Amino acid sequence: MPQPARVRFAPSPTGFLHIGGARTALYNFLLARQTGGQFLLRIEDTDQKRLVPGALENLLASLRWLGLQWDEGPELGGPNAPYLQSQRKEIYRAHADELIARGSAYPCFCTPARLTELRTRQQQRKEPPRYDGLCRRLTPAEAEARRLAGEPHVVRFKMPHEGATSAVDVLRGEITVQNKDLDDSILLKTDGWALYHLAAMVDDHLMEITHVIRSSEWLPSLPLHAMIHRAFGWDEPLWCHLSVFLKPSGKGKMSKREGAELMKEGHSVFVHDLRELGYTPEGVVNWIALMGASFDERQDVFSLQELVERFSLDHLTPAPAAVNFSKADHFNGVHLRRLAPEELARRMRPFFEKAGLAAEEDLLGRIAPLVQERMVTLEDGVEMAGFFFREQVIPAGSDLVGKGMTPQASADAVHAASEILARHPDLADPALEVELRALAERLGLKPGQLFGILRAAVTGQTVSPPLFGSMAIIGRAKVLARLAAAESTLRAM
RNA sequence: GCCCCCAUCGUCUAGCGGCCCAGGACGUGGCCCUCUCAAGGCCAAAACACGAGUUCGAAACUCGUUGGGGGCACCA
């Protein structure tokens, strides 16, 4: 049994949960569950200016919808509370002071204007943009005096000028960077708020995080983060940087810009959109789990529990992965088909209601087996089975005419079929199909011709669930009424 | 511009020196099943980026090239 892992998902509430974040959360969750450890949720909201209203609520709701319940975090608390960084300001400030005292950080009094100018000059000279170390050269006494005088300042990390720094990423091995290529990053802003580099490292240590599983966007700052841990004298967590998601074309990072375009084709990168489009948590989880990973040589359909059992960091790939939405459809269809009919009915109901159809759950439960293997999303159920819940259907006249037939012959066929149906008190009687097939033969029609007409008449659609199962559910009275209506439409043509 | 990372079918991947003239899945094409549409079954096309090494042997190891991605904020 491996050591219990304490991991965390630490989003910033600057937007809604997207599939990239969801996958990061998933992997953290899986490792925690598999090892009997804890999955923490920490909100990185130190930049108050960037907060987006509703983002936090969306994050929590989306995570829960996916089934990724955290063990410690917002709304739950825990031994390391608070889990909102905005409530931990003093902790970071104290740690920044400690770093200064240890000689690993220093106050910097440079104004934003000076820094902007510095950067502009460096770019003109094609030099890498880097702090020039002006305040680093201040004597401790001088710096302390200016600090006590209340002069506005930030706190910077004192990056060594010589040597190199190495850190190990679980998926990539040792990564080494020359220290001269690193900057004296700001840890604490003028307003006293910590930046990610400080806040996240301090919290990860205080919360006893064992594995930092995060987006590979953080890879370039891994040396800095490792050095911050070392400067405090702390043990480092295991670092694991996940590949980024690319656009379906494979060109460029998946962005929110793409979102609007995708929505038009019934896809989205946002978890709440996926939910509204009729995707299931099972489908989404399966889909994102396998983007950039493989957990079994022969199997690719997994429940959350199966993923918990098979998950392993060694099965993750470091290369960027292009998002493939047709695969989302596939996995969603598979998981839809795995649902018990009653469960499928329960999940479809809100979509019928949204479409203005009062769908009772027990009736939906009888319909479910008929539509289950034809659905990609829950939304599809409405299009496929809406006719069950409408008083009447209005088929297009052209759909009522049998293939290669005249309206007259079609009307006659409907009439003859009605007579047969009228003799059956129970439309679920298997003999019904036998009789109607015999009718088709008598009329010189192929079964498909006759059934096509009846399908249009009864469902109002050219594509529908199986005809006989559908008629049995609709009931004899309604079926006969719809056939009568169809016949008169045909007679009038 | 500088730094870092990555590189097997269109896409996600298996492969951790001989089991590979490379396996699976999605998608695509064909056939079967069939009352429509699906689902399901069978079959097919489809890849080791390139060049040098190392080795008896390289998809696997090393270096280079090319290509792709990420980062270089008082954002995260």
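A salt bridge is taken here as a side-chain nitrogen of Lys or Arg within 4 Å of a carboxyl oxygen of Asp or Glu. By this criterion, zero salt bridges are counted between domain 3 and domain 4 of the predicted model. Polar contact between domain 3 and domain 4 amounts to one residue pair, with both residues at pLDDT 80 or more.

The two domains belong to chain A, which is divided into domain 1 (1-74 + 243-338), domain 2 (88-242), domain 3 (341-389) and domain 4 (397-491). A distance of 23 Å separates the C-alpha centres of domain 3 and domain 4.

The size of an interface is often expressed as the accessible area lost when the parts come together. For domain 3 and domain 4, the area buried between them is about 930 Å², and carbon and sulfur atoms account for 68% of it. Within domain 3, the residues that lose the most area to domain 4 are Leu-370, Phe-387 and Phe-388, which together make up 60% of what that side buries. In terms of contacts, 10 residues of domain 3 meet 13 residues of domain 4.

On the side of domain 3 that touches domain 4, two or more residues each are given by helix H14 (361-371) and helix H15 (380-385). The largest share, five residues, is contributed by H14. By residue class, this side of domain 3 comprises seven nonpolar and three charged residues, with no polar ones.

Notes:
Residues are numbered from 1 along each chain as its sequence is written. Chains are lettered from A and ligands numbered from 1 in the order in which they are written. This is a predicted model: local features need pLDDT of at least 70, side-chain atom pairs count only at pLDDT 80 or more; totals for chains, interfaces and linings use all residues. Side-chain values use heavy atoms; hydrogens and water are left out. Domain bounds come from an automatic or database domain assignment. Contact means heavy atoms within 4.5 Å. Buried area is the accessible area (1.4 Å probe) that two parts lose on being put together, summed over both. A polar contact is a pair of N or O atoms within 3.5 Å; within protein, one must be able to donate a hydrogen and the other to accept it, and residues adjacent in sequence count only if both atoms are side-chain atoms. Helices (H or I, at least four residues) and strands (E, at least two) are DSSP runs, numbered from the N terminus. Ala, Val, Leu, Ile, Met, Phe, Trp, Tyr, Cys and Pro count as nonpolar, Asp, Glu, Lys and Arg as charged, and the others, Gly among them, as polar.
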